[in-house]
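Keep the sequence and the structure in view while reading.

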Amino acid sequence: MRQPNDLILRTTTQLIAFILLGFSVYLFFAGHNAPGGGFIGGLMTSAAIILMYMTYGFEKIEKILPVNFRTLFVTGLFIATLAGVGSMFFGGSFLSHADGYYQIPLLGEKHLATALIFDLGVYLVVVGITLTIILSISTDSGDESDNVGV
């Protein structure tokens, strides 16, 4: 069987996936001060990974990116819940956060907020759920529907 000539698709996918992943990181870190955050950053990351799955195939990407997206979803939900409950241990209300400016070696003074921890949990939940749903639909062989009523 002859392989398709998809050089243009593969080349542009490398560039577009790199841009999408870079922009998702920007959106993730900009989220507590500007529009963005874990949700849209997770969607952008999912879009980049789905594009790679569509271009290179399921088996090839599974070898390169051996991530169980269901575990990623559960991990993100755990982190987001801990971020909400963590403030209660310090006398705050559920999901309240703290922020401040801190001197970080080599980076200088940076604004840090505990909302970033919650955004990380949301990011992992969105990536995990989105990829679990889309990959489950795309890899469904339909064998179960053939055995209905047997």
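**From the whole chain to one helix**

In this predicted model, the secondary structure of the chain consists of six helices and two strands. Read from the N terminus, the order of these elements is α-α-α-α-β-β-α-α.

The chain has 150 residues, and 29% of them are buried. Its accessible surface is about 10400 Å², with carbon and sulfur atoms accounting for 69% of that area. Of the contacts between residues at least 6 apart in sequence, 63% link residues that are at least 24 apart.

Helix H1 covers residues 7-30, which is 24 residues. From the first C-alpha of H1 to the last the distance is 35 Å, close to the 34 Å expected at 1.5 Å a residue. Which residues of H1 are buried? They are Thr13, Ala17, Leu20, Ser24, Leu27, Phe28 and Ala30. Against which helices do the buried residues of H1 pack? Their partners are helix H2 (38-56) and helix H5 (115-138).

Side chains of opposite charge can pair when their charged atoms come close. How many salt bridges does a search of the whole structure find? The search returns one. This salt bridge joins the side chains of Asp6 and Arg10, with an N to O distance of 3.1 Å. The relative accessible area of Arg10 is 26%. Buried requires a value under 20% and exposed a value over 50%, so Arg10 counts as partly exposed.

Conventions:
Residues numbered from 1 in each chain as written. Predicted model: local features only at pLDDT ≥ 70, side-chain atom pairs only at ≥ 80, totals over all residues. Heavy atoms only, no water. Helix = DSSP H or I, 4+ residues; strand = E, 2+ residues; numbered from the N terminus. Buried < 20%, exposed > 50% of the residue type's maximum accessible area, 1.4 Å probe, protein only. Contact = heavy atoms within 4.5 Å. Areas by Shrake-Rupley, 256 points an atom, 1.4 Å probe, with all protein chains shown as cover. Expected span 1.5 Å × (residues − 1). Salt bridge = Lys/Arg side-chain N within 4 Å of Asp/Glu carboxyl O.
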